[in-house]
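Open the model in your viewer and switch to the cartoon view. This tour tells you what to select at each stop.

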Amino acid sequence: MTDLILDAGITVAACERKSADEPITALLDKADKEGWRIWLYTAQLAEVLQKLTLNADSNIGFQHVDMNIVQFNERQQLSKFASKHHWLSALGEDSEGLNFDDPTGHGLTRAAARLGKDVKVVTDIPSRLDSGNPFVDVCTAMKQKSSLHVDFVDLKGQQDRIRSRIEHNVHKVMSHGKYIMGPEIRELEAQLADFVGVEHCICLSSGTDSLLVAMMALNLSEGDEVITTPFTFAATGEVIKMLGAKAVYVDIDSTTYNINIDSIEEAVTDKTSAIMPVSLYGQCADIDQINAIADCHGLSVIEDAAQSFGASLRGRKSCGLSTIGCTSFFPTKPLGGYGDGGACFTSDKQLADSIRQLIDHGQDKKYNHKQLGINGRMDTLQAAILLAKLHSFEDEIVRRNEVANNYSNMLFKAEEKGFLRLPKIMEHNESVWAQYTIRVDNRHKIQEILNKSGIPTAIHYPTPLYRQPALLQEEVVCVNTEKVVTEVLSLPMHPYLNIETQEWISKTLIQALES
Ligand SMILES: Cc1ncc(COP(=O)(O)O)c(C=O)c1O
């Protein structure tokens, strides 16, 4: 990714450019074509406006005009230009060059270093150009090399779109200083509960802890059996074993990769206490049918919705479908923070109260530890970031679905030829596309070719849980899972993946499959 910061004079030239043959126009066109990011330094806002007004003033000459209107027009001009680019924050450290000859140049240098090691500042000031890196003129900036680049999940691109909201929220927490259980936690819980359509949301430290405390609140312990899927991330099986309970693994449906509903009933014994379906890759397991089985046997249902927050089943949101819904806000999840985080959802007040206690060392009031708990609270800073991200989440769900449709349209012919299997979403589901996962025969070779072309891929997951050393159950064999773990391959997936990049990924994949 190429990042260029425009010095004040260049920003002014960019705002005022009139003809296509100006060097700055060529630079901006190239940046646009290559997907380079252009930054304006907030510490130069006043300087840019002043220069714009001075230029306008000298163009007007001796005519009588209202300067308020001139200044308004200049602000509009800057605002229009800036709306297509990014504002780069000035921080306190940028002012540490006050003893130097060029404090602003010092600030620009600090800001550029913060943004990344290859970031350049495009300037027209000779003394800055003389001082060398990071300063370059327009012609040198044009020569920046760009390469086709794709991230498996592009968190930077998302951050660019919501940067000012994130900065606002983070600074608010730094000002009030309530780093543990600050007001952002309750605010986030209210918004998330509303989003899902349940009465209670409890934010906590991770997706893993959300599963752990959900099970603790349901009093699951040694001797209990929990029916679940072996085709999932380790956390699902880990928490069951951690509490001394036994995971009873039921095979998956090889179309959705979620637990095979038809096999659940036969796995129920008199020790079964709960069913823990996983809504894998962003598509809900059929929790309605699972609830019906659970009701017949008096069992609880915990949805492991770590990958499906934002998805829907028959119009109802994931996390609000069962006794307790648990999710993860790991950074690469559909709604991800900037660190670990998770949440439990329920409409049962007693369970909600218990979970609140459990994540706070089992306290019902200060220093009264009513039950054995953990430190499972979410950090206020994490809640502040998630609040900023939640704003664009609905839009991102739409984008994720568009990206998935694009892949499917680009790859369906390869599926018809039998080269791969595309993901299938059931009619009653709306997926949030945590992953776009295909199935291929010669996975190792395909992955190698994609990797060599610079296309990152991932395998979710290579081993059934019952064959993981820490979760070993040698007697278990789930036939569908055994096959699927050798074939699944996840392609880059995020809401801001553009069509050109998807075409490149699909073309490279098809070539690899045909070779
Ligand atoms: C299905 C599933 N369950 C549980 C978790 C655990 O979430 P966390 O990483 O937030 O602890 C994950 C995270 O990858 C997951 O994918």
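Select the strands: 5 of them form an open sheet in the order β3-β2-β1-β4-β5, with parallel pairing. Strands here are DSSP runs (E, at least two residues), numbered from the N terminus. Two strands pair if DSSP finds at least two bridges between them. Now pick β3 (86-88) and β5 (135-136): each stands at an edge with a single partner strand, so one side of each has no neighbour in the sheet.

This is a predicted model: local features need pLDDT of at least 70, side-chain atom pairs count only at pLDDT 80 or more, and totals for chains, interfaces and linings use all residues. Residues are numbered from 1 along each chain as its sequence is written, and side-chain values use heavy atoms, without hydrogens and water.

Next, select β2 (residues 37-41). Strand β2 runs parallel to β3, and 3 bridges join them. Click Tyr41: its bridge partner in β3 is Leu88.

- Asp304: a polar side-chain atom lies 2.8 Å from a ligand nitrogen atom.
- Gln307: a polar side-chain atom lies 2.9 Å from a ligand oxygen atom.
- Lys333: a side-chain N or O atom is 2.7 Å from a ligand oxygen atom.

Notes. Polar contact = N/O pair within 3.5 Å; in protein donor to acceptor, adjacent residues only side chain to side chain. Helix = DSSP H or I, 4+ residues; strand = E, 2+ residues; numbered from the N terminus.
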